[in-house]
Amino acid sequence: MIAMNNEHPLHLMTDQDKAMETSIKDVFPNTVHRCCKWHVQRKAREKLGRILSMDEIFEQVFYGVINDSEMVDEFEENWQHMLHCFDLVDNRHLSNMWRTRETWAPAYFRKNFFPFTSTTGRSEGLNSYFKTFVNPQDSVWRFVQQYEVLQETMLDREDNQAFIGHATTAPLYSRYNFERQAVHFYTRSVFLKFQKEVMASTGFLMNLAPALDNASVRFELHSNYFENPRIFSVNVVLAEEKFECSCNCFEMNGIICAHIIRVMVHLNVQKNPQRYMLERWSEAATTAMSSGGCLLDFGHPATNTLKYNALCRKYTWLASQACSNDLAYKIMNDAAHQLEPLIAAAKQGALQEQQEANQQQATQQQQQTPEPTTVSQPDGDAMLQNPARVPKKGVRLKNQRGERLCLSNGKMHIRTMLRKMKRSKPSPEENLDQRRKRLLARTTTKKVTVSKHAST
Ligand SMILES: [Zn+2]
């Protein structure tokens, strides 16, 4: 209610949950509550499955009565006719559906604004999408984090659509001025729905019918090829730019129907009257919403990915605004160039802090270890530092003169030395101590060569 400025919704759609139905009546007494048609039909398939599967004609009539009845009287008459024709007057589930018909049958909601849907599929789809981000065992903190990710992802999609709407223009089907007007006014998705109505308008024949009063004109339209026997009635008050169709498309969806478009062409109406151009479907309203935002504010993004997404969203929107004007492009381009050194300086500041921390750590290591350690300082924009030099592992041997023999891989050299001691045949005059001295001297001369091989 806070998000809606304490205004009650005009229309609400839910599944057939009794608790929600009761609560909505108590809390929103003036709200039109409707049950989702998809849930009603799914329940009907469960209860009437055997009848629907065995009688194909009944299945067609059943769904036809529900979906194609435009007037309440028409629906009620057709329903009762169906029950008697198929001998289903005593069917319990059909009786329940009849009793609750005013909560779900589309004929009762023809003049209520439930745009482009009679089901809760959109919210069900959102629920399903949300479940891909959050698991039941997640904590509340995890839920909030994932909600942030979900919001960013959905905003990215909207931004992509907004950019496509800004940067490209949908091809026109006709040369009618009201289609050209619509392409600049509606969002891309709504314009495509409007364009389908323009295309469908070419499929009707039109006759003048007796007017309801002196100020109005009435037309009756039927299909070109008479494949659909339905007749649509359009009442026009030209002085007030008022068009009303029996299909109630505008009342339900907020865009005019093919029948009104057909009549507008016949009457040489060049522009769609302002009352039929709903602000909520306009590109301007969508753009204002995305730039201002009535979204939950999570403050500074928590992760680099979220920061990247937030910046992309902001600068993509700016780019879509700036790309259509040379001066705006120059302003944004210059601003980007001015930002570059600032961002580099900010990053450098972070680097300096890191360097200071590394130097302190290196100093501590120098004080702790006798071996000198060298920390190479990065020059320029280098991000990586060489690791501190660590004394090599190995066996330290001393020769007869007390000189240390540092072998890069002492075990290997000792084994080699012992092997050579075994293989070398001692001369009669050479004792064991002399042999060891000779072999040690040979090993010492080969140390440099072995070390080079090891390092490569
Ligand atoms: Zn219509």
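This is a predicted model: local features need pLDDT of at least 70, side-chain atom pairs count only at pLDDT 80 or more; totals for chains, interfaces and linings use all residues.
1. Is Phe194 buried or exposed? Phe194 counts as buried because it has 20 C-beta neighbours inside 10 Å, and the cut-off for that class is 20 or more.

2. Which residues does Phe194 touch once neighbours within four places in sequence are left aside? The contacts are with Ala182, Tyr186 and Ile255.

3. Next, please have a look at the backbone of Asp87. This residue is not a glycine, yet its phi is positive, at about 55°. For context, most residues other than glycine have a negative phi. Asp87 lies in the loop that runs between α5 (72–85) and α6 (92–99). Asp87 is classed as exposed because 8 other C-beta atoms lie within 10 Å, where exposed means 12 or fewer.

4. My last point concerns Asn268. Where is Asn268 found? Its place is the loop between α12 (258–266) and α13 (283–292). Asn268 is another residue other than glycine with a positive phi, here near 55°. As for its surroundings, Asn268 has 6 C-beta neighbours inside 10 Å and therefore counts as exposed.

5. To put the points side by side: Phe194 is buried, whereas Asp87 is exposed and Asn268 is exposed. When you go through the backbone angles, the positive phi values of Asp87 and Asn268 are there to look at.

Notes. Residues are numbered from 1 along each chain as its sequence is written. Two residues are in contact if their C-beta atoms, placed from the backbone, lie within 7 Å. Helices (H or I, at least four residues) and strands (E, at least two) are DSSP runs, numbered from the N terminus.
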